[in-house]
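Here is a short report on one protein. Look at the sequence and the structure first, then read on.

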Amino acid sequence: MSYSIGSTVVVRVFKGFQVGNVIDKMPTKTDVKYIVKMENGNVHENVFVDIKEADTSIDSNITTSFINSKDNG
């Protein structure tokens with residue numbers, strides 16, 4: 001899944017989840033890495049999508065559910 005700059009995403013940070021916005025994205029040889037600014041002001045760099053082994057990663061399933069719930073009220 002790919003996200004554009006300005007997209008709202010849910011990021012798994014260690015064992016919790018936080019909401020943030022994509023502020024930059026950079027292609028790599030095999031994927032895209034993102035820079036995400038969280039609601040609390042923290043900025044996470046080198047964030048990939050659905051990498052369970054990483055300390056921080058965008059969870060595409062929870063992001064989709066979160067966006068759908070916001071759209072439906």
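A residue counts as buried under 20% relative accessible area, as exposed over 50%, and as partly exposed in between, with a 1.4 Å probe and protein chains only. By that rule, 32% of the 73 residues of the protein are buried.

This is a predicted model, in which local features need pLDDT of at least 70, side-chain atom pairs count only at pLDDT 80 or more, and totals for chains, interfaces and linings use all residues. Residues are numbered from 1 along each chain as its sequence is written, and side-chain values use heavy atoms, with hydrogens and water left out.

## The whole protein

Helices (H or I, at least four residues) and strands (E, at least two) are DSSP runs, numbered from the N terminus. The protein has 1 helix and 5 strands. Along the sequence they follow the pattern β-β-β-β-β-α. The radius of gyration of the protein is 11 Å, close to the 11 Å of the globule rule for 73 residues, so the protein is as compact as a globular protein of that length. That radius is taken over C-alpha atoms, and the globule rule is 2.2 Å times the number of residues to the power 0.38.

The C-alpha atoms fill a box of roughly 40 × 25 × 20 Å, taken along the principal axes. The accessible surface comes to about 4,700 Å². Carbon and sulfur atoms hold 50% of that surface. Areas come from the Shrake-Rupley method with a 1.4 Å probe, and for residues only the protein chains shown count as cover.

Now the charges. Lys and Arg count as positive, Asp and Glu as negative, while His and the chain ends are not counted. Each charge is placed at NZ of Lys, CZ of Arg, CG of Asp or CD of Glu. The protein has 8 positive and 9 negative charges, and their mean positions are 2 Å apart.

## How the strands pair

Two strands pair if DSSP finds at least two bridges between them.

| Strand pair | Sense | Bridges | Residues in the hairpin link |
|---|---|---|---|
| β1 and β2 | antiparallel | 6 bridges | 2 residues |
| β2 and β3 | antiparallel | 7 bridges | 4 residues |
| β3 and β4 | antiparallel | 3 bridges | 4 residues |

Start with β1, residues 8-13. Arg 12 stands opposite Phe 17 in β2. Phe 14, in the turn between β1 and β2, has a positive phi of about 55°.

Next come β2, residues 16-27, and β3, residues 32-38. Met 26 has Lys 33 in β3 as its bridge partner. Pro 27 stands opposite Val 32 in β3.

Then β3 meets β4, residues 43-49. Here Val 36 is partnered by His 44 in β4. In the turn, Gly 41 has a positive phi of about 95°.

Most residues other than glycine have a negative phi. Asn 46 has a phi near 55°, a positive value in a residue other than glycine. Asn 46 is in strand β4 and is partly exposed, with a relative accessible area of 44%. Asp 50 also has a positive phi, near 55°. Asp 50 lies in the loop between β4 and β5. Its relative accessible area is 35%, so Asp 50 is partly exposed.

## Neighbours across the chain

Contact means heavy atoms within 4.5 Å. Among contacts with a separation of 6 or more, 34% are between residues 24 or more positions apart.

Which residues does Asp 55 contact, leaving aside neighbours within four places in sequence? They are Arg 12, Val 13 and Phe 14. Asp 55 sits in the loop between β4 and β5 (56-58). Asp 55 and Val 13 are 42 residues apart along the chain, yet their C-alpha atoms are separated by 5.9 Å. With 48% relative accessibility, Asp 55 is partly exposed.

Thr 56 is in strand β5. Is Thr 56 buried or exposed? Thr 56 is buried, with a relative accessible area of 14%. Not counting residues up to four places away in sequence, Thr 56 touches Val 11, Arg 12, Val 13, His 44 and Val 47.

Asn 61 is in helix α1, residues 60-71. Asn 61 is exposed, with a relative accessible area of 59%. The C-alpha atoms of Asn 61 and Val 49 are separated by 10 Å, and the two are 12 residues apart along the chain.
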